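Please keep the sequence and the 3D view at hand while reading.

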Amino acid sequence: MEKLMKSSYLTHGKVILIGEHSVVYGYDALCMPIKSLHIKTTVEPNDEDWMDTERYHGPLFDAPNEYDGLKYVVKTMLEKANSNEKLKITYTGEIPMERGFGSSATVALGTTKAMNDYFKLNMSHDEIMAVTNHAEMINHGKASGLDAATVNSDYLVFFNTQDGPKRLETKLGATLLIMDTGQLGNTREAVTKVRSQLDKSVDANKRIERLGELADKTKAAWMIQDKEAVGTCFNEAQEILASFGLSTHKIDQLKQIAHENGALGFKFSGGGLGGIVIALCDNDEMAKEIAEKSKDLISDFWIEKI
Ligand SMILES: C[C@@](O)(CCO)CC(=O)[O-]
């Protein structure tokens, strides 16, 4: 089969604004790409066995869950190419793993696209997303497809599992402060934790439904650039997510600092149990101030105009 000598693909990260967890059960969510954080996937020939995980190097692969989805991608793509070639697949970049930045979707999509190019498979967009989403299912036990859709989008994404991603181009006219708690989140564990409560409690189901409503309210407020209303939705979403046991002491401390320093809204972003938090700020100065006051509790921060 005709193929390239080497293929690379650059994929960016994502930050969920609102609707994590409820999106898994069909409700709406809003998620933005983070264009400043990337992972580059490179596929090239190799003498070693592709199943040898030592082959994957870089800071990314401390996260065992992510291997299984990736192994599925590599195996599936080799089958599609009708090849048993041994490959070296390398990941480099600055997206921290297991923080809520969509690292698992990023590497799954990057590997699918880089192998599609390497073997000149000409797969359609839907076929590429099907492989990536299945890898996410393997990684997280249950996956909505939101992360994969957003790491593949240059625009803010309004999403539900039935209709897929819709692009939103309106700017809110605010600043988003993203802070890394430095604590590893575990999406699989968090998704399982929510599901077990939904199986047992009517009230838990009502709270998940409310999260979906909050995503719709956020979108409506976003479209008319009502940042105070967006912030209020973030705050209520944080309370609901915390009621499922997904917040941590550090997240609660960061929430207090953000509110004391004028944040319009605060919540964690992604699966929870650690990972990243977001504070909606009126302007960059407020974001810098909150980051400065939080510096002993965080490992890194990013400021995005939204
Ligand atoms: C927790 C979750 O809603 C987001 C994880 O980034 C899971 C999913 O949507 O697949």
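How far is an oxygen atom of the ligand from an N or O atom in the side chain of Ser-144, and what is that distance in Å? In this model, which is predicted, the separation between an oxygen atom of the ligand and an N or O atom in the Ser-144 side chain is 2.6 Å. Taken alone, the ligand would expose 300 Å², and the protein buries 98% of that area.

| Residue | Part of the residue | Distance to a ligand oxygen atom |
|---|---|---|
| Lys-14 | polar side-chain atom | 2.9 Å |
| His-21 | polar backbone atom | 2.9 Å |
| Ser-144 | N or O atom in the side chain | 2.6 Å |

As for its location, the ligand sits in the largest cavity. The residues that surround the ligand are Lys-14, Ile-16, Glu-20, His-21, Val-23, Val-24, Ala-143, Ser-144, Asp-147 and Thr-187, and this shell divides into four nonpolar, three polar and three charged residues.

Ser-269 itself belongs to strand E7, which comprises residues 265–269. Is Ser-269 buried or exposed? With a relative accessible area of 1%, Ser-269 counts as buried, because that value falls under the 20% cut-off.

Terms used:
Residues numbered from 1 in each chain as written. Predicted model: local features only at pLDDT ≥ 70, side-chain atom pairs only at ≥ 80, totals over all residues. Heavy atoms only, no water. Near = heavy atom within 4 Å. Polar contact = N/O pair within 3.5 Å; in protein donor to acceptor, adjacent residues only side chain to side chain. Areas by Shrake-Rupley, 256 points an atom, 1.4 Å probe, with all protein chains shown as cover. 1 Å grid on protein atoms, 1.4 Å probe; cavity = no way out; pocket = protein on both sides within 12 Å on 5 of 7 lines; lining within 4 Å. Sits in = over half its atoms within 2 Å of the grid points. Nonpolar A, V, L, I, M, F, W, Y, C, P; charged D, E, K, R; others polar. Helix = DSSP H or I, 4+ residues; strand = E, 2+ residues; numbered from the N terminus. Buried < 20%, exposed > 50% of the residue type's maximum accessible area, 1.4 Å probe, protein only.
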